[in-house]
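Here are my notes on the model you sent over. Have the structure open while you go through the points.

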Amino acid sequence: MLVLFTDTDTDVTLKEAEEYGVRLISMPYNFDGQEVRPYEDFTKFDEHAFYQKLREGTLPSTSALNEYNYEKYFEPVFEAGNDILYVHFSRAMSATFDSMDKAVEKLEKKYPDRKFYEIDTKGITIGSYNIVKEIMDLYKAGKSAEEILEWAKEEVDRFAVYFFADNLTFFRRSGRVSGLAGVMGNMIGVRPIIHMNSEGQMVNIGKERGRIKAMNTLLNYVDSLAEDIYSHRVVIGHADAPELAERMKQMLVEKYGEKLRIEFSVVNPTAGSHCGPDTLGVSFHAKHR
C-alpha cells in the first residue's frame, strides 16, 4: 500500500488531509516564545487571530524539523509494510530536508523492502497547494507512485505562482526573497511582485504602487502565461485578506467567465510568518512558471 504525505507548508488543512486519506507533517513556528505545530497543537487555524497579532507587532519565527521528527512520522508506515510518497514544499527554501534525508536513509536500511518517493513542488503555500491537490486527486483515484511521479515530471513546472506582499517587515526579516533590496513598500505604498521560479525560490520581479495595481499585474501574468486554465484549479491565496481574495476572484471571472475552478486558500501560519498579513497571490496552470 502507498501512503501519501504532505506538509502544512503546502496549505493543506487537516480537514482536507482527512478527506483524501493523506498524512500531514507539521512545520513548526515560534509564536510569543512558544513553538507551535499546526494541526497538532490545534485542529483549525484561526487565521484572523494569528495575522492580527502580526499586525499588532508580533514577529514569529520558524524552525526546521530534526531527523528524529521525521523518523516519528515515517517509521510507523514502513513498519506496517507500506511505502511512502511525500509531496513537499520547496527544498530550496529550508534545511529541514537535510534532516529528512538522514532519517529516510536510516529507515531504508532498517526496512530494505520499503520504498520512499518524494516530489518537490518547488513552491510553498498556494503553489504547492495547487500541485498537491492535483496529486491528491490522482492518489484518491488509485494511481500508483510511478504514475504520480511521471505526472509530476511534466507538470510541477507548469504551475505558476505570482503574489504581492503588503508589509515588507516580514520578508525583510526572513531574507527569503531575492531581489527585494530597495523596494520601500511600507514607506511609499509600493508592493513587490514576487513569483516562484523553477528552482523553487521566491524572486522579486517588479513592483506596483497600491493593491489594485498589484492585483491587475497578477491578472496580467495569468493572461500572458495561462495554459489549459479551465482544466485545472485556479487558487487564490491570502493572508487574512478575504476581501482582496474576493476582488481577485471577481477580476478573474470577469476575464475568463464562471467556468473557472477557483479555490481559496489561506496562507498557513509557518509561511505567513515570512510573508506577513494581507499578502495576496494566485496560482494557475501555465506555459511555464
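1. A bit of bookkeeping before the sheet: two strands count as paired if DSSP finds at least two bridges between them. Bear in mind, too, that this is a predicted model.

2. On that basis, four strands make up an open sheet, with parallel pairing and the order E2-E1-E6-E7. Which strands stand at the edges? They are E2 (23-25) and E7 (116-120); each has a single partner strand, so one side of each has no neighbour in the sheet. On average, neighbouring strands here are turned by 25 degrees against each other, direction ignored.

3. Have a look at the E6 and E7 pairing. Strand E6 covers residues 83-88 and pairs with E7 in the parallel sense, over five bridges.

4. Helix H5 (residues 126-140) lies across strands E1 (2-7), E6 and E7, and runs at about 165 degrees to E1. Helix H6 (residues 145-155) also packs on the sheet, where it touches E1, E6 and E7. The direction of H6 makes about 20 degrees with that of E7.

5. Next, the aromatics. With ring centres within 6.5 Å as the cut-off, the count comes to 17 aromatic pairs. Take Phe5 and Phe74: their ring centres are 5.2 Å apart and their planes stand at 85 degrees, so this pair is edge-to-face, since over 60 degrees is what that label asks for. Phe5 belongs to strand E1 and Phe74 to helix H3 (residues 67-79), so the pair ties together parts that are 69 residues apart in sequence. Are these two buried or exposed? Both Phe5 and Phe74 are buried.

6. Another pair to check is Phe50 with Tyr51. The centres of these rings lie 4.9 Å apart with the planes at 85 degrees, so the pair is edge-to-face. Both residues, Phe50 and Tyr51, are buried. They also belong to one aromatic cluster, together with Tyr29, Phe31, Tyr39, Phe42 and Phe45.

7. Lys140 lies over the face of Tyr20, at 5.0 Å from the ring centre. Lys259 lies over the face of Tyr230, and there the distance to the ring centre is 4.8 Å.

Technical notes: Residues numbered from 1 in each chain as written. Predicted model: local features only at pLDDT ≥ 70, side-chain atom pairs only at ≥ 80, totals over all residues. Heavy atoms only, no water. Helix = DSSP H or I, 4+ residues; strand = E, 2+ residues; numbered from the N terminus. Axes fitted to C-alpha atoms, helices over the stretch in contact; angles between N-to-C directions. Contact = heavy atoms within 4.5 Å. Phe/Tyr/Trp six-rings, centres within 6.5 Å; stacked < 30°, edge-to-face > 60°. Buried < 20%, exposed > 50% of the residue type's maximum accessible area, 1.4 Å probe, protein only. Lys NZ or Arg CZ within 6 Å of the ring centre and 35° of its normal.
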